[in-house]
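Please open the model in a viewer and keep the sequence at hand.

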Amino acid sequence: MDLKEAMKKYVEELDPFLSMLQVKTLEARNGYAKLYMKFRTEITRLGGIVNGGAIATLIDATGGAAVMTVNDEGKNQVTVALNIEYIRPISKDFYAEAWVKKRGKNLTFVYIEVKDADNNLCAAANGIWMYI
């Protein structure tokens, strides 16, 4: 099973929360991941835009997926910091891309962007994951 197929299995089948939110894996390679969430009313707030919590969830999942691609030891990993800047509202399908900036012995630093279906930048984040 290649890296993308392994990530797809984890995100879409083994993680019940991400499965419930219908998060999909678009791409995964060493130090990079790209996940997708379909726009639907269940994840919106007043005004018909995507709830910030849904956006944060996709950011966290995509950052974690990127970390998994460099987690050669297969250790469990957890988010210890996530700083999000919401740039524009989302009212259509959207995706997140994450790039590992630095992998250390215990911590990995990641940069994440969220874009809508028209490739407009909607959110940006920096996160730190710890191996446990």
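Begin at the largest pocket of this predicted model. Its lining comprises 20 residues; select Tyr10, Asp15, Gly64, Met68 and Gln77, which lie nearest the centre of the pocket. The space in this largest pocket is about 340 Å³.

Next, colour the pocket by secondary structure. Two or more lining residues come from each of α1, α2 (16-20), α3 (52-68) and β5. Of these elements, α3 supplies the largest share of the lining, namely 6 residues.

Select its 6 strands, which form an open sheet in the order β1-β2-β6-β7-β8-β5 with antiparallel pairing. At the edges are β1 (24-29) and β5 (77-86), each of which pairs on one side only. On average, neighbouring strands in this sheet are turned by 20° against each other, direction ignored.

Proceed to β2 and β6. These strands also run antiparallel, with 6 bridges joining them. Select lysine 34 and look across to β6, where its bridge partner is glutamate 97.

Keep glutamate 97 selected and look towards β7, where glutamate 113 stands opposite. Strand β7 covers residues 107-116 and pairs with β6 in the antiparallel sense over 9 bridges. Together, β6 and β7 form a hairpin, with 3 residues between the two strands.

The last stop concerns aromatic rings. Which arrangement do the rings of tyrosine 32 and tryptophan 99 adopt? The model contains 2 aromatic pairs by the rule applied here. For tyrosine 32 and tryptophan 99, the ring centres are 5.7 Å apart and the planes stand at 50°, so this pair is tilted. An angle under 30 degrees would count as stacked and one over 60 as edge-to-face. Tyrosine 32 belongs to strand β2 and tryptophan 99 to strand β6 (residues 94-103), so the pair ties together parts that are 67 residues apart in sequence.

To finish, display β2 and β6 with both rings shown: the strands are joined by 6 bridges, and the tilted pair of tyrosine 32 and tryptophan 99 has one member in each strand.

Methods:
Residues are numbered from 1 along each chain as its sequence is written. This is a predicted model: local features need pLDDT of at least 70, side-chain atom pairs count only at pLDDT 80 or more; totals for chains, interfaces and linings use all residues. Side-chain values use heavy atoms; hydrogens and water are left out. Two strands pair if DSSP finds at least two bridges between them. Helices (H or I, at least four residues) and strands (E, at least two) are DSSP runs, numbered from the N terminus. Axes are lines fitted to C-alpha atoms, for helices over the stretch in contact, and angles run from 0 to 180 degrees between N-to-C directions. On a 1 Å grid over the protein atoms alone, a cavity is a set of points where a 1.4 Å probe fits but cannot get out, and a pocket is an open set with protein on both sides within 12 Å along at least five of seven lines; lining residues have an atom within 4 Å of a point. Grid points are joined across faces, edges and corners, and a volume is the space filled by probe spheres set on the points. Rings of Phe, Tyr and Trp (its six-membered ring) pair if their centres lie within 6.5 Å; planes under 30 degrees apart count as stacked, over 60 as edge-to-face and the rest as tilted.
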